[in-house]
Amino acid sequence: MITWTAHPAARRPKDVMLAIFVTALAAYAVLVGMQSVWLAVIAVVILVIAIAPFMMRTHYTLDDDGIAERRGFVMRRRQWTELRRLEVGRAAALVSPYAKARWLDRYRGITIYFDGGDRAAVIRELEAHLGA
């Protein structure tokens with residue numbers, strides 16, 4: 001079993017400040033352009049949801065059964081038998097239930113951030129279970 005916590009925002013404070021600035025700028029632009037406080041609030045909510053994987057701690061567990069991801073109050077779990085494809089990048093890996101790339105990969109698969117974990121051990125574990 002491998003467990004770790006990824007929290008990219010803690011390691012990149014300049015990017016956090018940029019995210020806050022862009023969110024505030026978007027809210028201001030919507031407020032001035034549309035003259036609606038509600039639309040400005042909705043814009044902020046949408047942007048905060050979009051950057052949640054960067055801003056919030058994500059707890060990962062890889063065990064004999066599958067992969068578990070917990071961020072905030074949301075827990076996602078996939079069994080190894082459900083997963084068909086592994087794509088490894090520099091800072092993260094995508095495990096997907098689809099054999100070929102699809103636009104649903106980001107929603108049905110799990111993006112595993114290596115931040116805070118042993119990248120090599122995580123990749124070895126993923127490749128061992130997914131046969132990549």
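Ground rules. This is a predicted model: local features need pLDDT of at least 70, side-chain atom pairs count only at pLDDT 80 or more, and totals for chains, interfaces and linings use all residues. Residues are numbered from 1 along each chain as its sequence is written, and side-chain values use heavy atoms, with hydrogens and water left out.

Confidence. pLDDT is the predictor's confidence in each residue, from 0 to 100. The chain mean is 94, and 99% of its residues reach 70 or more. Helices (H or I, at least four residues) and strands (E, at least two) are DSSP runs, numbered from the N terminus. Helix H2, residues 13-34, has the highest confidence, at a mean of 97. Helix H5, residues 105-108, has the lowest, at 89.

Now the core. A nonpolar core is a set of buried Ala, Val, Leu, Ile, Met, Phe, Trp, Tyr and Cys residues joined through side-chain atoms within 4.5 Å. Buried means under 20% relative accessible area, exposed over 50%, partly exposed in between, with a 1.4 Å probe and protein chains only. The largest core has 17 residues, and Ile67, Val95, Ile112 and Leu126 touch the most other members. Strands S1 (2-6), S2 (58-62), S6 (92-96) and S7 (110-113) and helix H6 (119-130) each give two or more residues. H6 gives the most, with four.

What does Leu126 touch, leaving out residues up to four places away in sequence? Its contacts (heavy atoms within 4.5 Å) are Leu62, Ile67, Trp80, Leu86, Ala93, Val95, Ile112 and Gly131.

On to charge. A salt bridge is a side-chain nitrogen of Lys or Arg within 4 Å of a carboxyl oxygen of Asp or Glu. The structure holds eight.

Look at Arg85. Its salt bridge with Asp105 has the closest N and O atoms 2.4 Å apart. That pair links distant parts of the chain: Asp105 sits in helix H5, Arg85 in strand S5 (residues 85-88), 20 residues apart. Both are buried. Arg85 also forms a salt bridge with Glu87, at 2.9 Å. Glu87 is partly exposed, because its relative accessibility is 39%. Arg85 comes in at 11%.

Last stop: Glu69, Arg71 and Arg76 are linked in a network of salt bridges. Glu69 and Arg71 meet at 3.3 Å, N to O. Buried or exposed, Glu69? Buried, at 4% relative accessibility. Arg71 also counts as buried, at 18%.

That's my tour. Questions welcome.
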